[in-house]
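Here is a short report for someone meeting this structure for the first time. Please keep the sequence and the 3D view open while reading.

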Amino acid sequence: MSATSSLMNNNNEQIKNRKAVSELIFQILTEKKTVREALSEYPPYESDRSLEAAWHAIVHYEADEDIRAKEIDYKDAQNEYMEFIAFELKAGKDLPQNIIDSYSDYYGETLVPKKHTIKDLWGILTKPLNIRK
């Protein structure tokens, strides 16, 4: 595979993942999915700061559930913010740098599901059983 072809595949995968996250955010906002359900379906990604920031925005959204219940203005502002993120990702765009930067203290703590090999999955499944090779 040529370098150009590989770059195009990576870009297509990135756009596909951004659109998937956009859909998850819309499903959260319309209460078709819980945040927990959406995060469990979050696509794996590599070095996409927009998707990493979106992850943290979703977690922050969940953490502020009690504030949204009490303060309608805060709820409206947070919903608009999440909608903005969803529309940007749906268009395949990078999130604005100020949004990415606002979560920079938390980068490295993202618990995005990783792709696992059969060997990894075997280790995960057998660990509670204390089975050794």
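## Overall fold

This is a predicted model. The chain has seven helices and zero strands. Read along the sequence, its pattern is α-α-α-α-α-α-α.

The chain has 133 residues, and 33% of them count as buried. Among contacts with a separation of 6 or more, 61% join residues 24 or more positions apart.

## The second largest pocket

The second largest pocket holds about 340 Å³ of space. H4 gives the most, with three residues.

By type, the lining divides into seven charged, five nonpolar and two polar residues.

Most residues other than glycine have a negative phi.

Lysine 33 is found in the loop between H1 and H2 as well. Its side chain makes a polar contact of 3.1 Å with the side chain of glutamate 41. Leaving out residues up to four places away in sequence, lysine 33 touches Leu24, Gln27, Ile28, Ala38 and Glu41.

## Two aromatic pairs

How many aromatic pairs are there? The count comes to two. In one, the ring centres of phenylalanine 26 and phenylalanine 87 are 5.0 Å apart. Their planes stand at 65 degrees, over the 60 degrees required, so the pair is edge-to-face. Phenylalanine 26 belongs to helix H1 and phenylalanine 87 to helix H5, so the pair ties together parts 61 residues apart in sequence. Phenylalanine 87 is partly exposed, because its relative accessibility of 48% falls between the 20% and 50% cut-offs.

The other pair is tyrosine 42 with tryptophan 55. The ring centres are 5.1 Å apart and the planes are at 90 degrees, so this pair too is edge-to-face. Tyrosine 42 lies in the loop between H2 and H3, while tryptophan 55 lies in helix H3, 13 residues apart. Both tyrosine 42 and tryptophan 55 are buried.

## Asparagine 79

Is asparagine 79 buried or exposed? Its relative accessible area is 18%, under the 20% cut-off, so asparagine 79 is buried. Asparagine 79 is part of helix H5.

Which residues does asparagine 79 contact, beyond its neighbours within four places in sequence? They are Leu29, Tyr61 and Arg68. With tyrosine 61, the link includes a polar contact of 3.2 Å between the two side chains.

Note on methods: Residues are numbered from 1 along each chain as its sequence is written. This is a predicted model: local features need pLDDT of at least 70, side-chain atom pairs count only at pLDDT 80 or more; totals for chains, interfaces and linings use all residues. Side-chain values use heavy atoms; hydrogens and water are left out. On a 1 Å grid over the protein atoms alone, a cavity is a set of points where a 1.4 Å probe fits but cannot get out, and a pocket is an open set with protein on both sides within 12 Å along at least five of seven lines; lining residues have an atom within 4 Å of a point. Grid points are joined across faces, edges and corners, and a volume is the space filled by probe spheres set on the points. Helices (H or I, at least four residues) and strands (E, at least two) are DSSP runs, numbered from the N terminus. Ala, Val, Leu, Ile, Met, Phe, Trp, Tyr, Cys and Pro count as nonpolar, Asp, Glu, Lys and Arg as charged, and the others, Gly among them, as polar. Contact means heavy atoms within 4.5 Å. A polar contact is a pair of N or O atoms within 3.5 Å; within protein, one must be able to donate a hydrogen and the other to accept it, and residues adjacent in sequence count only if both atoms are side-chain atoms. Rings of Phe, Tyr and Trp (its six-membered ring) pair if their centres lie within 6.5 Å; planes under 30 degrees apart count as stacked, over 60 as edge-to-face and the rest as tilted. Buried means under 20% relative accessible area, exposed over 50%, partly exposed in between (1.4 Å probe, protein chains only).
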